[in-house]
Amino acid sequence: MLSFSQEDKALITEIIDDIKTLIEAEMHDPESMKISEKYSMPVSELAAQFNNPVLGNLFKSAFDFHGMSAILALWTLAWMGSGGAGYPIGGSGPFAKSIEERYLTLGGTISYKSRIDKILVENDTAVGVRLVDGTKKRGDIVLSAADGFSTIFKWLDGKYSNDTIKGFYETLEPFPPLVFVSLGINGDYSHEPHWLWFSLKTPIEIGGEEIQRLWLRNHSMDKTLAPEGKTVFSVMIPASYDYWTQLEDKQEEYLVEKKRIEGAVIGAISELYPDIKNNVEVIDVATPLTFVRYTGNWRGSYGGWLFTKKTMSLRMPLTLPGLSNFYMAGHWVAPGGGLPAAAITGRVAVELMCNNENIRFTTSMP
Ligand SMILES: Cc1cc2nc3c(=O)[nH]c(=O)nc-3n(C[C@H](O)[C@H](O)[C@H](O)COP(=O)(O)OP(=O)(O)OC[C@H]3O[C@@H](n4cnc5c(N)ncnc54)[C@H](O)[C@@H]3O)c2cc1C
């Protein structure tokens with residue numbers, strides 16, 4: 001950045017110094033809280049402070065995620081700088097598998113394909129869950145790490161809520177749902193950048209919206225994803241939830257739209273790599289309805305609540321008012337969402353549980 005724009009030396013140096021401070025600091029140290037406050041503005045506002053408009057524009061393109069606070073970009077760079085964040089080879093499958101293995105090693109058990117439709121309550125105490133097939137499973141404590149809206153307003157019928165909690169779901173902005181297109185290409189693109197953000201000569205229409213720019217991920221650096229000489233590309237496009245829900249009961253129209261999106265996305269990538277047109281061997285289009293089907297997340301959101309100036313200092317409760325033996329964890333109880341929020345809230349929920357049960361909270365990990 002310095003070699004590109006000396007006129008922005010002061011701002012660039014300040015941002016880099018602040019990232020270095022974050023690398024050394026804990027998230028809730030007074031020093032990092034001060035930096036968080038300083039960068040609470042949206043990325044677009046920070047980008048506007050660059051004197052060089054091209055650099056400002058590049059900065060915005062690289063780091064502006066759904067209008068979230070600039071501090072998120074700084075934290076991400078700090079975590080990457082310290083080796084605490086990165087890309088898991090193999091993608092999310094092996095990543096999830098390693099958590100499953102750890103849980104099983106600790107003595108946990110898992111029942112897959114067990115969809116819950118009610119949390120069982122007796123005398124304002126959670127006593128278990130009911131599955132969609134009617135099976136009841138009792139437990140001493142219930143912890144919901146699934147969708148927040150379903151947990152509070154469907155599985156508990158909204159009986160254990162208050163205006164603050166209702167207000168979250170009425171006023172806060174969640175991460176958007178996605179159209180996610182994955183492509184298996186017969187060709188080697190390992191010499192190409194692993195992430196590209198490019199403007200389309202001919203905009204495409206996805207789910208009723210005009211798309212003028214595309215984020216293209218080239219997964220060449222992960223050799224586990226494709227055979228030698230072949231490449232996985234993926235494209236992540238924020239989508240309109242309402243557009244897709246109106247196709248929920250129109251299977252034929254839904255499939256036609258998915259097919260049309262395949263062609264539109266291949267055409268768009270061909271603007272950059274003309275050869276791919278004839279070399280797509282596999283293609284998969286996931287829509288907001290796909291994400292709801294697999295994860296149950298409210299309005300197809302892919303990450304819970306956005307991290308903004310309004311939500312960054314918001315502490316959400318991991319319990320519900322008036323309900324005993326019940327806890328929540330996951331991206332719906334910590335603004336900013338994502339995997340860090342899911343992991344941290346899981347740990348805090350168990351800490352809270354131990355506290356309430358008079359058990360000393362210990363871990364074999366720091
Ligand atoms: C394409 C994509 C890319 C992403 N990239 C990143 C990234 O780079 N970095 C990052 O930090 N985050 C990323 N995220 C976000 C991240 O995956 C989520 O924020 C995180 O998985 C949230 O974890 P969670 O445990 O709170 O919820 P979830 O992962 O949604 O887990 C909820 C679980 O509850 C289960 N469930 C739901 N309903 C029921 C029911 N009725 N009965 C039983 N079980 C049920 C679901 O099957 C699911 O297993 C990405 C998400 C997507 C979709």
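The dialogue below goes through the features of one predicted model and how to read them.

Q: What should be kept in mind about numbering and confidence?
A: Residue numbers start from 1 along each chain, following the sequence as written. The model is predicted, so local features need pLDDT of at least 70 and side-chain atom pairs count only at pLDDT 80 or more, while totals for chains, interfaces and linings use all residues.

Q: What is the radius of gyration of the protein, and what would a compact globule have?
A: The radius of gyration is taken over C-alpha atoms, and the globule rule is 2.2 Å times the number of residues to the power 0.38. For 366 residues the rule gives a value near 21 Å, and the protein has 23 Å, which agrees. Along the principal axes, the C-alpha atoms fill a box of roughly 65 × 55 × 40 Å.

Q: How many helices and strands does the protein have?
A: Helices (H or I, at least four residues) and strands (E, at least two) are DSSP runs, numbered from the N terminus. The protein has 12 helices and 10 strands.

Q: Which domains are assigned, and what are their bounds?
A: Domain bounds come from an automatic or database domain assignment. Here the assignment gives domain 1 (6–82), domain 2 (107–173 + 304–356) and domain 3 (178–298). The centres of domain 1 and domain 2, taken over C-alpha atoms, are separated by 32 Å. Seven residues from domain 1 and six residues from domain 2 take part in the contact, where two residues are in contact if their C-beta atoms, placed from the backbone, lie within 7 Å.

Q: Which classes of residue does domain 1 put on the side that touches domain 2?
A: Classes are set by residue type: Ala, Val, Leu, Ile, Met, Phe, Trp, Tyr, Cys and Pro count as nonpolar, Asp, Glu, Lys and Arg as charged, and the others, Gly among them, as polar. That side of domain 1 has three nonpolar, four polar and no charged residues.

Q: What share of contacts joins residues at least 24 apart in sequence?
A: Among contacts between residues at least 6 apart in sequence, 63% join residues at least 24 apart.

Q: What share of the protein is buried?
A: A residue is buried if 20 or more other C-beta atoms lie within 10 Å of its own, exposed if 12 or fewer, and partly exposed in between, with C-beta atoms placed from the backbone. Buried residues make up 26% of the 366 residues.

Q: Is T308 buried or exposed?
A: T308 is buried, because 20 other C-beta atoms lie within 10 Å. T308 sits in the loop between α11 (288–295) and β10 (326–328). Apart from neighbours within four places in sequence, T308 is in contact with M68 and S69.

Q: Why does K20 count as partly exposed?
A: K20 has 14 C-beta neighbours inside 10 Å, so K20 counts as partly exposed. K20 lies in helix α1.

Q: How is the length of helix α5 read?
A: The expected span of a helix is 1.5 Å times one less than its number of residues. Helix α5 (residues 70–82) has 13 residues and reaches 19 Å from its first C-alpha to its last, close to the 18 Å expected.

Q: Which residues of α5 are buried, and what do they pack against?
A: A70, I71, L72, A73, L74, W75 and A78 are buried in α5. The buried residues of α5 pack against α1 (9–24), α2 (30–38), α3 (43–47) and α4 (53–63). After α5 comes G83, with a positive phi near 85°.

Q: Which residues other than glycine have a positive phi?
A: H66 is one of them, with phi near 55°. H66 is in the loop between α4 and α5. R299 is another, with phi near 50°, and R299 is in the loop between α11 and β10.

Q: Which residues come nearest to the ligand?
A: A residue is near a molecule or strand if its C-beta atom, placed from the backbone, lies within 6 Å of it. Of the 21 residues around the ligand, A146, G296, G330, G338 and A342 come nearest. The elements that give two or more residues to the shell are β5 (178–185) and α12 (338–356). The largest share, four residues, comes from α12.

Q: How is the shell around the ligand made up by class and by domain?
A: The shell has 10 nonpolar, nine polar and two charged residues. Domain 2 and domain 3 each give at least three residues to the shell.
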